[in-house]
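Please look over the sequence and the structure shown here before reading on.

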Amino acid sequence: MNSFLHGRVSVVVGDITRQATDALVNAANSSLLGGGGVDGAIHRAGGAEILEACRVIRNTRYPEGLLTGEAVITTGGRLAARHVIHTVGPIWGQHAGREAELLAACYRNSLALAVEHAVASIAFPAISTGVYGYPAEEAAQVSSQAIREFLTREEDGAANAEARPKLEEVRLVFFTPPSAEIFLRNHKFE
Ligand code: AR6
């Protein structure tokens, strides 16, 4: 079973940069100016246009850097995805016990930006579970709960909203089969 919440969430193994969703989420850092892991791969595959857009956002809106848990949106450059949503995950052990709250905020704020930009499909990597050291089991619980809460609330709101563009697919992309399995054993979708 790799599909949850009435088919709106799917779990796949793959490379985030190859997903042909409307938007991709980047596991960025507060500089917004690139790095390794997912961040490096997205900038490599998407080209200079993404970095340029990040630079403008950094200079005009976040001269001190983007705070942990927040998200911003840029072009997808040469990627198949139209948009990249850059979010800064918590560094495990560096936020005085607020790591889960901050990781949930990454998912929630990224999804909110996606809805604002009429994104129908979005792909997420496992934010913070690489260089930032967040244990994958706990990240699975926190991320699935945040996604479930967001989609449930959005559905309630959409009942009253007229012709609101719908976020149809949230794709969770894991780099390796073992990391997808850890997620599937620990999620809180149901
Ligand atoms: N596609 C899908 N998942 C991937 C890919 C890929 N191409 N590459 C790595 N992963 P990380 P973080 C997995 O380190 O922990 C950067 O330098 C990886 O196995 O990319 O949030 C930034 O600039 C791991 O499970 O992000 C920041 O400084 C997950 O994606 C810092 O790293 C996230 O790993 C952010 O660290």
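Glu 52 counts as partly exposed, since its relative accessibility is 41%, where buried means under 20% relative accessible area, exposed over 50%, and partly exposed in between, with a 1.4 Å probe and protein chains only. The model is a predicted one, in which local features need pLDDT of at least 70 and side-chain atom pairs count only at pLDDT 80 or more, while totals for chains, interfaces and linings use all residues. Residues are numbered from 1 along each chain as its sequence is written, and side-chain values use heavy atoms, with hydrogens and water left out.

The side chain of Glu 52 forms a salt bridge with that of Arg 55 (3.6 Å, N to O), the term requiring a side-chain nitrogen of Lys or Arg within 4 Å of a carboxyl oxygen of Asp or Glu. Because the two are three residues apart in helix α2 (residues 48-60), about one helical turn separates Arg 55 and Glu 52; helices (H or I, at least four residues) and strands (E, at least two) are DSSP runs, numbered from the N terminus. Arg 55 is also partly exposed, at 37%.

The whole structure holds six salt bridges. Another of them joins the side chains of Glu 154 and Arg 8 (2.7 Å, N to O). Glu 154 belongs to helix α4 (residues 136-158) and Arg 8 to the loop between β1 (3-4) and β2, so this pair ties together parts that are 146 residues apart in sequence. Both Glu 154 and Arg 8 are buried. A further salt bridge links Arg 171 with Glu 169 (2.9 Å, N to O); here Arg 171 is buried at 18%, and Glu 169 is partly exposed at 21%.

Which residues does Thr 21 touch, apart from those up to four places away in sequence? Its contacts (heavy atoms within 4.5 Å) include Glu 169, Arg 171 and Ile 122. Thr 21 sits in the loop between β2 (9-13) and β3 (23-28) and is buried, at 2% relative accessibility.
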